[in-house]
Amino acid sequence: MKKFNIRKVLDGLKEVSSSTPSVQVGPQENHLIQETLQSEHFQLCKTVRHGFPYQPSSMAFDPVQKILAIGTQNGALRLFGRPGVECYCQHESGAAVIQLQFLINEGALVSALADDSVHLWNLRQKRPAILHSLKFSKERITFCHLPFQSKWLYIGTERGNIHLVNVESFMLSGYVIMWNKAIELSSKAHPGPVVHISDNPMDEGKLIIGYESGIVVLWDLKSKKADCRYTYDEAIHSVAWHHEGKQFICSHSDGTLTIWNIRGQGKPIQTITPHGKQPKDGKKPEPCKPILKVEYKTTRIGEPFMILSGGLSYDTVGRRPCLTVMHGKSTAVLEMDYPIVDFLTLCETPYANDFQEPYAVVVLLEKDLVVIDLAQNGYPIFENPYPLTIHESPVTCCEYFADCPVDLIPALYSVGSRQKRQGYSKKEWPISGGNWGQGTQSYPEIIITGHADGTVKFWDASAIMLQVLYKLKTAKVFDRNRSKEDKGSTEVSDEDPFAIQIMAWCPESRMLCVAGVSANVIIYRFSKLEVTTEVVQLLEVRMQYELNDIESPDCGGGEQTSALPTPGASPQTSGPPSHPSTSSNNSDGGNMPCLKVRSTPLKQSAGYQVDLVVQLVWVSGEPPQQITSLALNSSYGLVVFGNSNGLAVVDYVQKTVVLNLGTVELYGSNDPYQRQPRSPRKTRQPSGGLCDINEGSATSEDRCKSPTSDHRDNSFSRSRSSSVTSIDKEAREAISSFHFSETFARKGDSTLTPCLYVGTTLGTVLALALTLPPAGEQRQLQPVIISPTGMLVRLKGSIMRMAYLDSTGAMLPPAFEPWFEPNVTADGEEREKVRKRRPVSVSPSTSQDLNESQYAVVCSEKQAKVISLPSQTCIYKHSITETSFILRADVVQMSQGVCLACFCANGHIMTLSVPGLRPLMDVNYLPLTDMRIARTFCFTNLGQAMYLCSPTEAQRLTYSQDTCENLQEMLGELFTPVETPEAPNRGFFKGLFGGGAQSLDREELFGEISSGKASRSLAQHIPGPGGIEGMKGAASGVVGDLARARIALDERGQKLGELDEKTAAMMASADYFSKHAHEMMLKCKDKKWYQF
C-alpha cells in the first residue's frame, strides 16, 4: 500500500483554489524570463470548414451568380463558388434542410427545414446571416417554390394546402389554395401532401400543383379555381414543364414517366418506362423502382434532354445508383458510386419560358458531388476542384504544420500533379461565382491526413483554403493476397489492416514515418525521381512484456536482470533474439507479423518512397501490441516507437535496431512502482492498443484492429491518475510520447548532448543519452550507442507533450538534416556536405556562464511543469484540470512568443505562457461528443488548429487575435454584382396576336388589400440577427465602408426627419398657443377688473 502524503494533498488543494500556478524559484534568479505573450493576444474563433457536407439532404443553384448551396440533415448550409470560395452556416435548430431556393441574382437564399420553419439568408455579407424566419405551427412543410423575379414564395404542406409568403417582409398572405377546392368535389379521398408546385412558364397566372396520390391540378390564381385536373394511378414524385408551357412531364413510383398536354383532360399523351422491359404481346411493361426526379430541358438546335434519377428495374440487384440522360433516341445510364440525394440541370438562361440550353448536371450523392458535362460526347465529368475527398477512406489521424519551408508545397505539388486521373471534361468548372478574399496571411500551411485504407494525403492549407497536393498509398508495401493458412494475418486483423495510426514528419528533411494499426512502422524518403526497389528492406522486431515467471520465479528473475542494457550494447537486428526476454519458444508458428511485406520488386514513382519497413512480430503465439507513440529525427537518423511493452529505437541509416527495451528496464533499479513478477495465468492477457492501462484487457482478436473500429473508439481513455494501487495494472506502463533534443543529459552536465526523452502513461519522463558516430562514412559503419540516464520528472497523468526552450525562452527545435535527393549517385563528399547536422545555437561556454541555460516544458493530461536544466529543478507547475483530462497539447510558436495550447475532454481550449505557465486563454469551445475529435484535434504554430467535426469535414479554428482581426479580409465574397440576362424576345407575331409569356400582378392578387391577412396562429414570424445590426458587424473592406456610410446616412436622414417632425410639431404648438392667447385677449379686452 502506498504511503499517504498529507503534503501532496495540501499542494493539490492549493493548486485547485489558486488560479495562478504555484511557482517554485530555484537558487538563481536568472531563469525569470520576461514573457511577451499576454491574454489580449488570444481570441478563439472558427475560420473555415472544409470537406464534403456530411449527410446532405438538398441542393440549389443560382444560374446568374453561379453559386451552389447544399443543405444537410443536421441543419448545416454549405455554399460553394469558384474554387477557394466556400462558406459554412448553421441553422440553430439543427433540423434537416428539406429544400433550398435562391432569390436568383439577389444575394439571398430561402431554406425550408424539417421542423416546419422557413428562413431567409442574406448572402451579401461574407458570413451569411438569417434576416427573417417563419415557423409554422399547424402545417407540415413538404415543398417550396419561388418563381424567378418574384417576391412571393409558395409553400406546400402535408395537408395539401398552399400558403404564400412575401420574401421581403416574410409575412403570410391571406391567399390560400385549399386542397378541397383544388381537387374535384366528387373525389372522396384526400389527395395527399403537395409534392410539386410550379407556375406555367408562359403564364404566371397558372400554377401546377402535384399531389402525392397522383393528382395534378392546373390552378388559375386570378379566378381562384382549378382549370384542369390530371389523374394517374401511380404516386407522383416530381413534375417538370416544357419551356413553351403546353406540356408537362410527371415521374411516378412505378418507374414510369407520363407526358401531358395542358389542354388534354383524360389520359397522358405518352407513357414511358425508361428501364422497363417491353413485353411483345403489348401488355404494360414490368414495374420498376420509383423515378425520384425528372427534368425536361429544351435546346434551340437538336432534341430535348430528359434527365432522371431512379427508375431501374427490380431485377438489377446490386447495381449501383444511376442517373439516366435521354437525348433524342439515345439513352445514357451513368452509374454513381453512392446513392443520389438530388440533381440539378445547369442551363444557360434563368428564364423558364426560353430554350433552356442545358450544359451540365450537378449530382449530389450521399458522399460525393459530381458534375457531368452534357455538351461533350460520352458525358465526361468535370474535375472537382473542391477539397471534398477528405473522407475517400475514413480519416484515422491528422497532423497540422504552419509556417513550413517555402519549397515544400511546390515540391509536393509537382509530384502530386503526376497522380491526376485522365478523361475529365476539357471545360472550366461551371460553379464559378464569388470572389476570393484579400487577406495578407501568406505563410505556408500543410495538413497531413492518415486514412483507414493506408493512404496518407498531403493538403495545402495556406490562406484558409484547402487543396490536395499529394497522395501516398502505404499498402503497396505489403502483399494484399494473404493466404488462408496464414494464421496471424487473417484471424486478428479486421477490414482495415493497413490503417494509419500515428504519423511523424520532418518538414525540413521531408522524412516521413507512419505507424500502422497492424504494428508496423514504415520510413519514407522524398525523391523527385522514379525508382524500382528490388527488395523492400525489412526489420522484424520482437517486443514482449516479460515480467512473468514462465518456468519458475528464479528463471523469470534471471531473465529480467540479464536484460538490462549495457552502454555499448551491440545493435540488435531481427536475426538473433533482440534481448533474452524474447527468446521464448516460437515453434508454434507464432513468430510472424500481422502483414506480409511484398517480395516482388516495387516500382516507386516520384514522391515518397519506402526506405525501411519495421514490423513487430508475434511472440509465443501472442500478437504484437499496437504502437502508441512515434518520433523521428533526421539529423540523428533515428526513428523511435513505443507501445505498452516498451520502446524500440531504429537506426534507418544502418537499417538496424539500436535499442529494444521494456518500459521497466528504462528505470533500472530506480523503478518507483516496485513491480513484482505476475502469475503465469495472466501472461497471455496483454492489454489492447490504446486501451486505458486501468481498464481491463482486450482479447487477442482486437489486437490489430483499425482505429476506425468501434473497439478503438470505445477504449479511448487514459489513466486518470498516477496513484494506481494495483501492481498488475501499474506493470502495464505504456510509452505515450517522445522528444529528441540536444540538451543536458544528466543533472549538472555542462555540455549539450543529443538526447531522447521518453514519456509514459504513468506520468514519468525518462532520459536516454545518444552517442552518435561522426557524420560521413563512420556514420554508416559505427553503431549508435544509447544509455538510459534516469528519470527527469514525474507528473500526474499520461505524458502528452515535451518541448525545450533556450535561456531566453525561445523554442529549441530538434536538430534536422536538410533535404537531399536520395536517388542521385553523387560523390560521397558532396553527399556528406549536405548531410552534416545543423549546429546547435547554445555553446557549452555560454551554458556554463548562465548555469541554467535550458528549460524543459512537460505537459501531462492533468498538469504542466517547467524544469530548469541542467539542475533538473522544477521551477513552475500548473494544474490544468482536476476533473477532466487533456486530449491534445502542443507547445506552439506564436508571432509574439511561445505558448502551451491544450484541448481538454470537457471542451475547454486553453493556452498557457511558457516558461511561467500563466493562464492566457480558457474558452469552453465544444464538449467531446465523439472520439473522432479526440483522435484528430491538433494545434500548430501561429495560432492555428483543426479537427474532424464529422466523418467528411475538417473544421479549422484560430486562437490568435491577429488572425481573428484579419479573418474578415481573408474570407471570400459570395455575392458579386452581375447584370441579370435580358428576358427572351417575344417576337413580332406573338406580340401582335398574343401567345407570349403572360405576366401577373402578384402584389395586387396576394397583397393584404385584396386577400386580407393570414391567420396569426398559422405561423410565427421571427426577425433574424442578419439585419442592419448584423451588417454593421459583418461588413468590411470597401464594400463594408460603403455599406456603413449608407447605413450612417440612413440613420442621419432618419434623425433629421425626426428633428423636422419635432420642429413642425413645436411650430404647430406655438401657433395654437398664439391663437388661443389672442382669443383670450379679445374676450377680456372690455371687462373691468371686478368682473373677473
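**View 1. Pro63 and its surroundings in the predicted model.** Leaving aside neighbours within four places in sequence, Pro63 is in contact with Ile104 and Pro350. Contact here means heavy atoms within 4.5 Å. Pro63 sits in the loop between strand E3 (56-62) and E4. Its relative accessible area is 19%, so Pro63 counts as buried. Buried stands for under 20% relative accessible area, exposed for over 50%, and partly exposed for what lies in between (1.4 Å probe, protein chains only). Tyr351 lies 288 residues from Pro63 in sequence, yet the two C-alpha atoms are 9.9 Å apart.

Notes for every view: this is a predicted model, in which local features need pLDDT of at least 70 and side-chain atom pairs count only at pLDDT 80 or more, while totals for chains, interfaces and linings use all residues. Residues are numbered from 1 along each chain as its sequence is written, and side-chain values use heavy atoms, with hydrogens and water left out.

**View 2. The whole chain and its confidence.** The chain has 18 helices and 60 strands. Helices (H or I, at least four residues) and strands (E, at least two) are DSSP runs, numbered from the N terminus. Of the 1092 residues, 56% are buried. The accessible surface comes to about 48600 Å², and carbon and sulfur atoms hold 52% of it. These areas come from the Shrake-Rupley method with a 1.4 Å probe; for residues, only the protein chains shown count as cover. Among contacts between residues at least 6 apart in sequence, 61% join residues at least 24 apart.

The mean pLDDT is 81, and 76% of the residues reach 70 or more. pLDDT is the predictor's confidence in each residue, from 0 to 100. Strand E4 (residues 67-72) has the highest confidence, at a mean of 98, and helix H5 (residues 553-562) the lowest, at 31. Residues 1-30 stay under 50, and the model gives them 34 contacts beyond four places in sequence. Residues 833-851 are also below 50, with 37 contacts beyond near neighbours in sequence. Where pLDDT is low, the predicted coordinates should not be read in detail.

View 3. Four bridges join E4 to E5, and the two run antiparallel. Two strands pair if DSSP finds at least two bridges between them. Gly71 has Leu77 in E5 as its bridge partner. The hairpin of E4 and E5 has three residues between the strands, and Gly75 in the turn has a positive phi of about 80°. E5 then pairs with strand E6 (residues 86-90) in the antiparallel sense, over five bridges. Here Leu77 has Cys89 in E6 as its bridge partner. Five residues separate the strands of this hairpin, and Gly84 takes a positive phi near 100°.

Strand E5 (residues 76-80) is mostly covered, with five of its five residues buried. Ala76, Arg78 and Phe80 point one way from E5, Leu77 and Leu79 the other, and all are buried. In a regular strand the side chains alternate between the two faces of the sheet.

**View 4. The open sheet E11-E12-E13-E14.** Four strands pair antiparallel in this order. The edge strands, E11 (141-145) and E14 (171-177), each pair on one side only. Neighbouring strands are turned by 30° against each other on average, direction ignored. Axes are lines fitted to C-alpha atoms, for helices over the stretch in contact, and angles run from 0 to 180 degrees between N-to-C directions. Inside the sheet, five bridges join E12 (residues 152-157) to E13 (residues 162-166). Leu153 has Val165 in E13 as its bridge partner.

View 5. Five of the five residues of strand E41 (residues 629-633) are buried, so E41 is largely enclosed by the rest of the structure. Ser629, Ala631 and Asn633 cover one side, Leu630 and Leu632 the other. Five bridges join E41 to E42 (residues 638-642), and the strands run antiparallel. Ala631 has Val640 in E42 as its bridge partner. Four residues lie between the strands, and Gly637 in the turn has a positive phi of about 70°.

**View 6. Helix H13 and its start.** In H13 (residues 961-970), the buried residues include Gln961, Thr963, Cys964, Leu967, Gln968 and Met970. At the start of H13, a side-chain oxygen of Ser960 reaches to within 3.3 Å of the backbone nitrogen of Asp962.

Note on methods
A polar contact is a pair of N or O atoms within 3.5 Å; within protein, one must be able to donate a hydrogen and the other to accept it, and residues adjacent in sequence count only if both atoms are side-chain atoms.
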